[in-house]
Amino acid sequence: MADKKEKTFQFVIVGGGIAGVTCVEQLSSQIPSADVALITAGPHIKAVTNYKQLSKTLEEFDVEERPSSVLEEKCPNLTVIHSALKSLDTQSHSVATTDGHVFGYEKLCICSGGRPKLLTQENPYVLGIRDTDSAQEFQKRLSKAKTIVVVGNGGIALELVFEVEGCEVIWAVKDKAIGNTFFDPGAAQFLIPSLEANKPERAAPCKRPRYTTEEPAPGGSHTFTADRHARGRGSGPTETGSALGPDWHEGIVLRGAEQVSRRVSVEYQCEVERILTSEELLSSPQQTLRPENGGSWPVYIQLTNGKTFGCDFVVSATGVVPNTEPFLHGNKFVLADDGGLQVDDHMMTSEPDVYAAGDVCTACWEHSPLWQQMRLWTQARQMGWYAGRCMAAHVLSEPIELDFCFELFSHITKFFNYKVVLLGKFNGQGLEPDYELLVRCTKGQEYVKVVLSGGRMVGAVLIGETDLEETFENLILNQMDLTPYGEELLNPNIDIEDYFD
């Protein structure tokens, strides 16, 4: 491949998602004269807009799909190459694109993102939701559906179940509570009434939802219903692209064929045993496969809790796998256990002059005790930005320290119309068994959880308009001993900010 490079760029970035675009912008601002190429398959790139730094580590931004020309205007020395990547040869420092071109690089950054973990490959009744394209396809199929099964317990599954109307949803989660990636059972209980309440007209969270749930038995299930509530919405544009952000369902009408508003049954602590066609169900020897719901359906899903459900289609929302495919062949990348490209504290992979950022990589430096990698938009932006800084620093022979954003995990998002802030070891990750929790909950309004270890705050979950994020962030960062305050820390009548200014 080495002898036919058409052009050699100082920097080549692969992937037009948030990590890649942020990396390009950072490189262009640090070394304006550098020749930079961005290789991306789609015509659009993901741009960070309305960026706001809310506190030392918390940031908020919107993600918009924009034509790549917008980026080229911003970065005059940028060349956008619209093609998928076919192969990488790290020895000759060259990449080949699927449309037959070969380009050289001095430094390369891989920002190819993740792809959905699918329950099964090539099943027409199983739909993975990961990007705007698959969300559109989902909308189309949903309009004719009466029952769907959603498998997964991350952010997309949570939002999807909340947004779908006019269709029965059976939601299979492998954990004891919904939203396990983000929440503990307490926060899940706080949010569950939102599944039962009629949705408000796209504004404030509903104030007084009905609240009737008990802890499910292992392998148990819950059903939540709400009356139909008409609500008009426009439909969104269609584009191919990378991951969906927190507002992916804005502007897409997610409505099924039934007259009910929402009926959600949650099946806890179970996974998918197998997916069957109606023929396979009929010819199956065990009589145990009697579907819980009658009627005949195009596809049946058998869960590990012994129940079988018929449905119109299955939505696989079980997270992502790092998209390393085209880069591995013929190279010696070291991969992490989760399949990501291992990167050190300068975002460098094991191959010389090759960096990686975002969902495709796994942070393999020694983490701060208050930080963990989660494949989220915030981290894609932070890693892309930091990778760009590292690449520039190495070229300019400048020293560079690990960025402060990797000191403390922080994430702000919305679930069920509530503001959600996650800080540090918000679920007590890796602290077993030595931590305690303080919780304050006002039904329909706010949920505040603090994780303490050795009397010091190491994590928090804030749901609703609590206004505690900055105070808690400071308490986590300065590791002050909070033993003297005890339970008072969450006393709603005490203005905690006055304590710790």
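1. A residue counts as buried when its relative accessible area is under 20%, and as exposed when that area is over 50%; values in between are called partly exposed. This note uses those words for a predicted model.

2. Helix α4 covers residues 155–163. How many of its residues are buried? The count is 8 of the 9, so the helix is largely enclosed by the rest of the structure. The buried residues are Gly 155, Ala 157, Leu 158, Glu 159, Leu 160, Val 161, Phe 162 and Glu 163.

3. An open sheet is built from 3 strands, in the order β15-β16-β17, with antiparallel pairing. Strands β15 (272–277) and β17 (308–311) stand at the edges. Each of these two has a single partner strand, so one side of each is left without a neighbour in the sheet. On average, and ignoring direction, neighbouring strands of this sheet are turned by 20° against each other.

4. Within that sheet, strand β16 spans residues 299–303 and is joined to β17 by 4 bridges, the two strands running antiparallel.

5. The structure holds 15 salt bridges. Side chains of opposite charge can pair when their charged atoms come close. The next points take up some of these pairs.

6. Glu 168 and Arg 263 form a salt bridge, with 2.9 Å between the closest N and O atoms. This pair links distant parts of the chain: Glu 168 belongs to strand β12 (residues 167–172) and Arg 263 to strand β14 (residues 262–267), 95 residues apart. Arg 263 has a relative accessibility of 32%, so it counts as partly exposed.

7. A salt bridge also brings together the side chains of Lys 419 and Glu 465, at 3.9 Å from N to O. Which parts of the chain does this pair tie together? Lys 419 lies in strand β24 (residues 418–424), while Glu 465 lies in the loop between β27 (456–463) and α10 (469–478), so the pair ties together parts that are 46 residues apart in sequence. Glu 465 counts as exposed because its relative accessibility is 59%.

8. Elsewhere, salt bridges that share partners join Glu 137, Lys 140 and Arg 141 into one network.

9. Two backbone angles deserve a comment. Gln 269 is not a glycine, yet its phi is positive, near 50°. This residue lies in the loop between β14 and β15. Gln 269 has a relative accessible area of 35%, so it is partly exposed.

10. Phe 416 has a positive phi too, of about 50°, although it is not a glycine. Where does Phe 416 lie? Its place is the loop between β23 (410–415) and β24. Phe 416 is buried, because its relative accessible area is 2% and the cut-off for buried is under 20%.

Notes. Residues are numbered from 1 along each chain as its sequence is written. This is a predicted model: local features need pLDDT of at least 70, side-chain atom pairs count only at pLDDT 80 or more; totals for chains, interfaces and linings use all residues. Side-chain values use heavy atoms; hydrogens and water are left out. Two strands pair if DSSP finds at least two bridges between them. Axes are lines fitted to C-alpha atoms, for helices over the stretch in contact, and angles run from 0 to 180 degrees between N-to-C directions. A salt bridge is a side-chain nitrogen of Lys or Arg within 4 Å of a carboxyl oxygen of Asp or Glu. Buried means under 20% relative accessible area, exposed over 50%, partly exposed in between (1.4 Å probe, protein chains only).
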